[in-house]
Amino acid sequence: MAFLSDRDRQTLAEMFRDLKFPVHLELFINPDQEWSQHAQGILSEVVGLMPDLLHLETYHLEKNRLLAALYGVTAVPCIILRDKNEDDSGIRIIGIPAGYEFAVLVEDILDVSTGRNRLREKSLHYIRNLERDITMQVFVTPT
Amino acid sequence: MALANPVRVRAESVDANEFLEWADQESVYSVPKTVLTTKDPARSVSFEGAVSEEYMIRQIKLLLDDTGQVDLGS
């Protein structure tokens, strides 16, 4: 079953021309859950468009509890983006990457790959110098 | 923001429709809803709507402020 339409593929292929360095996507799933299967299907098709630069690794949550704990995964499907050095980017997409979340996924992949940051200098300075850990959760709906 | 400091900042996008219980816990009645949290001491700040970068930074300052005297001007 194809999750992406031909038009999606074409648009993505164009957007992915801007990719610069590899991005590693780690997907935590529960294989019995329909949402997880859906997420896995979408991601497989996305990385398949640019196999040299996009890498997908899928983990069963139950079988990889330790790794999940290290990444702070509590709900699945959960996508973790790692950069060219395989360092954690701090970005998580929780839920099926469809609709609005799909756009978030694509933008995040591009940001991680290119290392671009759109923050103003002042904000960048503030965030870089944070002395405590913070979690920013944004609740969205796919449509 | 996570990319600017991945060691300190975790940025999560959560599909509220799939995680109704979770969304309920965080009182998500409209989206986008942002919940900022920090541990030790456990604190949180939340707000609704698409906000500006400056607003987001102010909310982070509010979250991390221990004095109740956050300088919202800077």
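## Basis of the description

Helices (H or I, at least four residues) and strands (E, at least two) are DSSP runs, numbered from the N terminus. The model is predicted, and local features need pLDDT of at least 70, side-chain atom pairs count only at pLDDT 80 or more, and totals for chains, interfaces and linings use all residues. Residues are numbered from 1 along each chain as its sequence is written, chains are lettered from A in the order in which they are written, and side-chain values use heavy atoms, with hydrogens and water left out.

An open sheet of 8 strands has the order β2(A)-β1(A)-β3(A)-β4(A)-β1(B)-β5(A)-β2(B)-β3(B), with mixed pairing; two strands pair if DSSP finds at least two bridges between them. At the edges are β2 (54-60) of chain A and β3 (43-48) of chain B, each of which pairs on one side only.

In chain B, strand β2 (residues 33-38) runs antiparallel to β3(B) and is joined to β3(B) by 6 bridges. Within β3(B), V45(B) stands opposite L36(B).

## The largest pocket

The largest pocket has a volume of about 1100 Å³. A pocket is an open set of points on a 1 Å grid over the protein atoms alone, where a 1.4 Å probe fits, with protein on both sides within 12 Å along at least five of seven lines; lining residues have an atom within 4 Å of a point. The volume is the space filled by probe spheres set on the points, which are joined across faces, edges and corners.

The lining consists of 33 residues, and Y100(A), D108(A), V138(A), M1(B) and M56(B) lie nearest the centre. Helix α4(A) gives the most to this lining, with 6 residues. Elements that each supply at least two residues include β5 (134-140) of chain A and α2 (53-64) of chain B.

## Aromatic pairs

Over all chains there are 6 aromatic pairs, meaning rings of Phe, Tyr and Trp (its six-membered ring) with centres within 6.5 Å; planes under 30 degrees apart count as stacked, over 60 as edge-to-face and the rest as tilted. The rings of F28(A) and Y71(A) have centres 6.0 Å apart and planes at 70°, so this pair is edge-to-face. Both F28(A) and Y71(A) are buried (under 20% relative accessible area; exposed means over 50%, and partly exposed in between, with a 1.4 Å probe and protein chains only).

W35(A) lies in helix α2 (residues 34-48) of chain A and F19(B) in the loop between β1 and α1 (20-25) of chain B, so their pair joins two chains. W35(A) is partly exposed, at 34% relative accessibility, whereas F19(B) is buried at 11%. One aromatic cluster is formed by W35(A), F139(A), F19(B) and W22(B).
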